[in-house]
Structures are given as C-alpha cells and as structure tokens.
Amino acid sequence: MKQRAFQVSPRHRRILYVVSLVLLFSGAVWAWVHRLDEQGSAGVTLRHLKPWLMKAHGFAAVGFVLLLGTLLSTHVRRSWHARKNRSNGAFFLSAMSLLTLSGYALYYLGDETWRNATSQFHLWLGLSSPLLLFWHIRSGRRATAAR
Ligand code: HEM
Ligand code: HEM
C-alpha cells in the first residue's frame, strides 16, 4: 500500500486543525474567564463572552465528532489493518474519545462534585491534546517511513 494511503488528506487535515483550534481556544478562554469570574475580577464584557464561548465550543464539538467519524472509516481503518502506528493510534483515539465523552457528561451532570471533577479532567486532557496530536503524528510518520 502506498504511504499516502495512511495519510489524512490535506483538506481533511485542514478542517480537522481549524475545528480543533476553535475547540481549544473557546475551551481555554472560557476556563480563564471562569477563573477570573470566581475571583470576582472578570469585567462585564468578559462575563458576557462566556455563554458565547460555550456556544462556539458546543458547535465545534459537533463538527469534531463528525470528523472523528469520517477518520474512523478512512485513516484509522487503513492504518490499523496495515499495522502502522497501532499502539499510539489506539491511545490517541482513546484520549479523544474520553475528551468527547467527558464533554457529553459535562452537558448533563447535575451532581456538583462529579461535575467539578469531570470539568477538571476535560480541561486538562483538552489542553494536553495538541501535545498528544504532535506525538501521534511524529510516531505515525516514523512508522510509515520504516519499511
Ligand atoms: C487506531 C487509530 C489510529 C492509527 C492506527 C493511526 C495511524 C496513523 C499513521 C500511520 C500516521 C502517519 C501517516 C503518514 O504520514 O504516513 C498518522 C498520522 C496522523 N493521524 Fe493517525 N491514527 C489513528 C488515529 C487517529 C485519530 C483518532 C486522529 C484524529 C483525531 C488522527 C489524526 C492523524 C493526523 C492529523 C495525522 C498526520 C497527518 C498525516 O500524516 O496524514 N489519527 N496516524
Ligand atoms: C480541545 C481541547 C478542549 C478544551 C481545552 C476544552 C475545554 C472545555 C471547558 C473548559 C469546558 C467547560 C467546563 C465546565 O462547564 O465546567 C468545556 C465544556 C464542554 N466541552 Fe470541551 N474542551 C475541549 C475539547 C472538547 C471536545 C473534543 C469535545 C467534544 C467533541 C468537547 C465538548 C464539550 C462539551 C459538550 C462541553 C459542555 C458544554 C456546555 O456545558 O454547554 N470539548 N470544554
């Protein structure tokens, strides 16, 4: 199989990166404003921004799940069958699934203690995701370069 067969097409990759950046930015800025808000030092404009940031985050999350679905039937299936980057890929896919599931849980969890724990888990896993993606790509490129 040609090396290209394992790659995510440039267009697909671009959309994935844009959607991921919107998720990262909206989530990180929301968490920052929320912290300021708890300390009582967020201005009115920043506080008004919070619901809009979560709306953008939720919208991008729908796009991310769609993209993940399309990657499963192309990139993931092909690489998995060719035994390229399996362990790193499985780890990365599990991390992205946990990020998605914790986001879903945040939407519905009522219990304060569980919600706070899930919120911290979701935020820190989300903030680590660019590093995980970088590691995944590096390991994947090494696997396909080694013939
Ligand atoms: C079991 C799951 C997975 C396996 C086995 C796998 C395997 C690979 C391999 C072999 C490469 C290197 C391709 C090359 O450049 O030759 C790669 C790169 C990449 N993977 Fe994965 N992957 C998995 C899951 C994922 C997931 C869930 C995502 C996104 C959410 C993802 C996104 C990417 C991206 C963006 C690249 C770099 C672009 C490219 O070179 O095509 N992968 N992966
Ligand atoms: C890319 C890194 C990400 C970061 C930094 C991040 C951060 C956050 C933060 C700080 C919150 C608010 C937590 C709270 O209410 O206490 C949140 C909520 C949420 N996130 Fe993420 N997130 C990321 C990725 C994702 C992904 C990949 C998904 C799903 C595909 C997702 C789905 C959600 C959902 C559904 C909510 C709840 C929205 C609401 O309550 O209105 N997030 N995220």
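Guide: Happy to! Of the 25 residues around ligand 2, the ones that come nearest are Gly-27, Ala-61, Gly-103, Ser-119 and Gly-126. Please keep in mind that this is a predicted model. Two or more residues of this shell come from each of H1, H2, H3 and H4. H1 gives the largest share, seven residues. Sorted by class, the shell around ligand 2 holds 15 nonpolar and 10 polar residues, and no charged ones.

Now step back for the setting. The protein chain has four helices and zero strands, so read from the N terminus its elements run α-α-α-α. Along the principal axes, the C-alpha atoms of the chain fill a box of roughly 60 × 30 × 20 Å.

The domain assignment gives domain 1 (9-64) and domain 2 (83-147). Ligand 2 lies between these two domains, because domain 1 and domain 2 both give residues to the shell around it. The C-alpha centres of the two domains are 17 Å apart. Where the domains meet, five residues of domain 1 are in contact with five residues of domain 2. On the domain 1 side of that meeting, H1 gives the most, with four residues. By class, this side of domain 1 has four nonpolar residues, one polar and no charged.

Next, look at how the helices pack, starting with H1 and H4. Their axes come within 10 Å and cross at roughly 135°. H1 and H4 are therefore oblique to each other. The crossing in which H1 passes H4 is left-handed. H1 brings Leu-24, Gly-27, Ala-28 and Ala-31 to the contact, while H4 brings Leu-123, Gly-126, Leu-127 and Pro-130. The residues of the contact of H1 with H4 divide into six nonpolar, two polar and no charged.

The other pair to look at is H2 and H3. These helices pack at an angle of about 160°, and their axes are 12 Å apart. That angle makes H2 roughly antiparallel to H3. H2 also passes H3 in a left-handed crossing. From H2, the contact is made by Ala-61, Val-65, Leu-68, Val-76, Ser-79 and Trp-80. Facing them from H3 are Arg-86, Gly-89, Leu-93, Met-96, Thr-100 and Gly-103.

Ser-79 and Gly-89 are among the residues that come nearest to ligand 1, together with Gln-7, Gly-140 and Thr-144, out of 26 around it. Helix H1 (10-38), helix H2 (44-81), helix H3 (86-108) and helix H4 (112-145) each give two or more residues to that shell. The shell around ligand 1 has 13 nonpolar, nine polar and four charged residues, whereas the shell around ligand 2 has no charged residues.

Conventions
Residues numbered from 1 in each chain as written. Chains lettered and ligands numbered in written order. Predicted model: local features only at pLDDT ≥ 70, side-chain atom pairs only at ≥ 80, totals over all residues. Near = placed C-beta within 6 Å. Nonpolar A, V, L, I, M, F, W, Y, C, P; charged D, E, K, R; others polar. Domains from an automatic or database assignment. Contact = placed C-beta atoms within 7 Å. Axes fitted to C-alpha atoms, helices over the stretch in contact; angles between N-to-C directions. Parallel < 35°, antiparallel > 145°, perpendicular 65-115°, else oblique. Left-handed = near helix turned anticlockwise from the far one by under 90°.
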